[in-house]
Amino acid sequence: MKSMIKVRNSLIIVLCFTIICMGVGFIFLALKLDEKNKDKPYFNVVFYSVREETSVKGGTIAPSATNSITNNGKEVTMNFKLNNPHDEFAYTIIIKNEGNIPAQIYNIKETPDYTNNATAQKEIAPISITHTDIVGKVLQPNDEIQLKVLAVYNNSKEKTALTTKKVDYQLTLIAASPNN
């Protein structure tokens, strides 16, 4: 009878040891699978943040502006309200490559295109909006680049009544994996 209990206890010990080994093996395989999944190419370039750098008050009424990042980080919408000549807003927009493959910035689409479209420029005159040129820059994974945007109420030579100007402005990020 004692030998049967010894065999049964030995069998239970062997089974417990087998279950423990299977658990350790499963954990090891799960970690390897997770590591392999992390190696899959993942592309994601986004507008990461918008930071107001300066706001200059050109007259008695201070200018105001709002901004928001929309469309999963692919668009920045800005609304400026400039009241007097010499009012201005400067923003720094951080663009970040959150993917794990390199990404190239092919274009920053402006809506309306106040930089290149003469008709759009006349609609907001005497205000001008400019930004730094980052087209063609390649971002490695987790790299960031700064896009500087400046909106200025210019002093006009023409004798016009000073009016508050409201400007809606949108930037859309166009990026892809660079050709190697």
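Let's start with a pair of sulfurs. The sulfur of C21 is 11 Å from the closest cysteine sulfur, which belongs to C16, and that is too far for a bond. How far would be close enough? A disulfide here means two cysteine sulfur atoms within 2.5 Å. In general terms, a disulfide is a covalent bond between the sulfur atoms of two cysteines. This structure holds zero of them. C16 is in none, and its nearest cysteine sulfur is the one in C21, 11 Å away.

A quick word on what you are looking at. This is a predicted model, where local features need pLDDT of at least 70, side-chain atom pairs count only at pLDDT 80 or more, and totals for chains, interfaces and linings use all residues. Residues are numbered from 1 along each chain as its sequence is written, and side-chain values use heavy atoms, with hydrogens and water left out.

The cut-offs are simple: buried is under 20% relative accessible area, exposed is over 50%, and partly exposed is in between, with a 1.4 Å probe and protein chains only.

Now the whole chain. It has two helices and nine strands. These are DSSP runs numbered from the N terminus: helices are H or I with at least four residues, strands are E with at least two. Along the sequence, the order is α-β-β-β-β-β-α-β-β-β-β. How spread out is the chain? Its radius of gyration is 29 Å, well over the 16 Å that the globule rule gives for 180 residues, so the chain is more spread out than a compact globule. That radius is taken over C-alpha atoms, and the rule is 2.2 Å times the number of residues to the power 0.38. The C-alpha atoms fill a box of roughly 115 × 40 × 20 Å along the principal axes. Of the 180 residues, 28% count as buried.

Next, helix α1, residues 2–38. I27 sits in it. Together with F26 and L31, I27 forms a nonpolar surface patch of about 360 Å² of accessible area.

On to the sheet. It is open, with five strands in the order β2-β3-β9-β5-β7, paired antiparallel. Pairing takes at least two DSSP bridges between two strands. Which strands are at the edges? They are β2 (64–70) and β7 (138–139), each pairing on one side only. Look inside the sheet at β3 (residues 75–82) and β9 (residues 165–176): eight bridges join this antiparallel pair. For instance, K81 has K166 in β9 as its bridge partner.

Last stop, the loops. Two peptide bonds are worth a look. T111 and P112 are joined by a cis bond, with omega about -15°. P112 is in the loop between β5 (103–111) and α2 (118–124). The bond from A125 to P126 is also cis, with omega near 5°. P126 lies in the loop between α2 and β6 (127–131).

Two asparagines stand out too. N71 is not a glycine, yet its phi is positive, about 55°. N71 is in the loop between β2 and β3, and is partly exposed at 46% relative accessibility. N142 also has a positive phi, near 70°. N142 lies in the loop between β7 and β8 (144–153), and is exposed, at 55% relative accessible area.

Definitions and conventions
Patch = residues over 30% accessible without salt bridge, like charges linked within 9 Å, V, L, I, M, F, W, Y side chains within 5 Å. Areas by Shrake-Rupley, 256 points an atom, 1.4 Å probe, with all protein chains shown as cover. Salt bridge = Lys/Arg side-chain N within 4 Å of Asp/Glu carboxyl O.
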